[in-house]
Amino acid sequence: MRPQQIWPEEFASLYRAKGYWRGESFPEMLRALAAEHGDREAVVGGDQRWTYAELLARAEGAAAGFRALGWEPGDRVVVHLPNIPEFFSVIFGLFLARLIPVYALPAHRLTEIRHFATKSEAVGYVAADRWDGFDHRGLARALREERPEIKAVILGEAEDFADFRAFPDEKLKGEPEPSPSDVAFLQISGGSTGLSKLIPRTHDDYIYSFRASAEICGLTPESVYLVALPAAHNFPMSSPGFMGAFSVGAKVVLAPSPSPEAAFPLIARERVTITGLVPPLALLWAQAAGAATEDLSSLKVLQVGGAKLIPEAARRIGPALGCKLQQVFGMAEGLVNYTRLDDPEAVALETQGRPISPDDEILILDDAGNPVPEGEPGNLLTRGPYTIRAYHDDPAANARSFTPDGFYRTGDVVKRTPEGNLVVQGRATDHINRAGEKISAEEIEDHLLAHPEIFDAAVVSLPDPSLGERICAFVIRNPGAEALKGPQVKAFMRGRELAGFKIPDQVVFVPDFETTAVGKISRKALRAALRARYLAEQEAKN
Ligand code: OOB
């Protein structure tokens with residue numbers, strides 16, 4: 001099924017009339033950037049430095065190479081790349097060839113890649129040979145075994161796969177531009193229920209979101225944006241991210257890892273002015289800055305988002321790093337909120353900001369669907385010029401996640417301050433936000449239940465001083481399986497070829513789930529009860 005994203009005509013024409021949707025596509029944007037900023041530095045990563053002209057030339061070469069593999073316009077290609085410059089030549093190459101990237105995170109493994117490839121009906125997989133101790137060629141081989149129609153392209157030692165770096169120096173001729181209302185790529189949802197859903201974003205809607213973000217974040221051609229989080233994630237991609245930085249002709253620097261050891265020397269050398277982090281990393285940076293020998297004085301803005309930043313932690317960040325803190329509360333489905341750079345300090349410390357667009361509609365509703373009194377917490381629903389109206393090919397998820405009039409149910413519980421800033425209070429859905437990575441309890445439970453000695457399992461989030469939340473699995477063993485211990489459960493989970501961040505941090509064995517009191521209860525209520533009981537027991541011990 002070809003990905004599409006359709007807004008009702010009355011909304012589409014409103015968004016065009018207001019100038020949000022400019023009728024621009026990614027290929028047009030890249031060509032315009034190369035024409036205007038050709039000699040300026042666009043990308044710095046590893047030992048490579050590309051100007052905007054080189055970025056375009058490399059993307060053109062990639063586009064021709066991809067099409068030479070037989071990939072046709074509209075085909076989907078899973079992109080599984082770390083923070084290396086070729087991430088950009090690959091994705092812009094795909095855009096130029098009118099192919100549709102499906103963005104996987106570097107931590108994803110066969111289980112997730114298989115799901116993205118199946119769900120998107122991908123024809124291709126693009127990966128580095130090795131990264132972070134993992135060999136993607138092994139994954140590509142396993143994928144090929146299951147889905148022979150998927151061709152892999154490897155960066156580095158390609159072995160028996162197509163070799164990206166050996167693509168001939170050619171250009172597509174007479175290639176039409178994609179329509180700006182076409183889907184440009186598929187982003188991955190955090191996945192609150194079961195497996196990740198695919199998020200179809202159009203050229204028009206996405207380009208609006210990062211151009212407007214670039215303005216809110218004060219980006220200019222003199223800005224230097226550091227991609228510290230994985231480039232495939234929506235936050236470093238578009239809030240304002242590297243796309244926002246490119247859109248104004250700024251320089252984008254890639255950090256191979258978000259650790260202070262990797263990032264600080266890059267900040268000093270490249271005079272980085274802005275970057276984005278999840279809360280645990282921001283706190284790590286603030287801590288490391290005290291002893292750092294590098295000159296971090298170029299850094300003007302540190303954005304923090306992806307998970308809740310508590311005010312006490314927020315207070316430490318600016319003074320420690322000598323920069324302004326900006327909170328970012330966003331989601332790959334669309335809506336992004338920012339505290340503004342000229343907001344009073346209390347707003348930046350205590351709120352998660354307000355939407356990008358005057359036409360982002362925000363509803364805060366009680367469980368019955370009625371608006372809560374102003375200032376009270378409620379479920380956040382949203383609709384707007386860059387928030388999707390549907391997931392790709394998933395009627396059940398769409399029925400759950402969208403109202404009949406097109407509002408996206410974010411699953412977040414928020415309240416609104418009198419000035420219109422949102423404060424995230426928690427969430428209504430049952431996922432774990434582990435240092436910004438969203439993990440579905442249900443998905444992890446399904447893997448645990450595949451263990452022959454596990455009778456039942458319930459997965460919950462527990463508060464964690466460094467991760468924000470950690471994954472705890474309550475496990476009931478089969479009779480006679482008392483020898484099964486936590487390390488074996490974790491080892492079993494590692495063997496499931498899953499992203500490492502999904503392995504439970506803690507396994508607690510329980511004899512039963514004690515659900516008799518209420519009779520048959522929902523999984524959600526069960527998880528909540530187990531979590532509450534465990535936390536109360538811990539409290540009593542201390
Ligand atoms: C970002 O996107 P996703 O799709 O990985 O996760 C979205 C969810 C939100 O629904 C919310 O539950 C949580 O992540 N979240 C936050 C937050 N930012 C995201 N919760 C509390 N405070 C925040 N500041 O995580 C994302 C996408 C674009 C920009 C920034 C983050």
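**Notebook: ligand shell and aromatic pairs**

I started with the shell around the ligand, whose residues divide into seven nonpolar, eight polar and three charged. For the classes I took Ala, Val, Leu, Ile, Met, Phe, Trp, Tyr, Cys and Pro as nonpolar, Asp, Glu, Lys and Arg as charged, and the others, Gly among them, as polar.

Ground rules: this is a predicted model, where local features need pLDDT of at least 70 and side-chain atom pairs count only at pLDDT 80 or more, while totals for chains, interfaces and linings use all residues. Numbering runs from 1 along each chain as its sequence is written, and side-chain values use heavy atoms, with hydrogens and water left out.

**Ligand**

I found 18 residues surrounding the ligand, with G306, V328, A332, D412 and K438 the closest; a residue is in if one of its heavy atoms lies within 4 Å. Helices (H or I, at least four residues) and strands (E, at least two) are DSSP runs, numbered from the N terminus.

Next I looked up polar contacts, meaning pairs of N or O atoms within 3.5 Å; within protein, one must be able to donate a hydrogen and the other to accept it, and residues adjacent in sequence count only if both atoms are side-chain atoms. A ligand nitrogen is 2.8 Å from a polar backbone atom of V328. For K308, I got 3.5 Å between a polar backbone atom and a ligand nitrogen. An oxygen of the ligand has a backbone N or O atom of A332 at 2.9 Å. The protein covers 94% of the 600 Å² of accessible area that the ligand has on its own (Shrake-Rupley, 1.4 Å probe; for residues, only the protein chains shown count as cover).

**Rings**

I counted 32 aromatic pairs, taking rings of Phe, Tyr and Trp (its six-membered ring) with centres within 6.5 Å; planes under 30 degrees apart are stacked, over 60 edge-to-face, the rest tilted. Y15 and Y20 make a tilted one, at 6.4 Å and 45 degrees. Y15 and Y20 are both buried (under 20% relative accessible area, exposed being over 50% and partly exposed in between; 1.4 Å probe, protein chains only).

F92 and F246 pair edge-to-face, 6.0 Å centre to centre and 65 degrees between planes. F92 lies in α4 (residues 86-96) and F246 in α9 (residues 241-247), so this pair ties together parts 154 residues apart in sequence. F92 and F246 are buried too.
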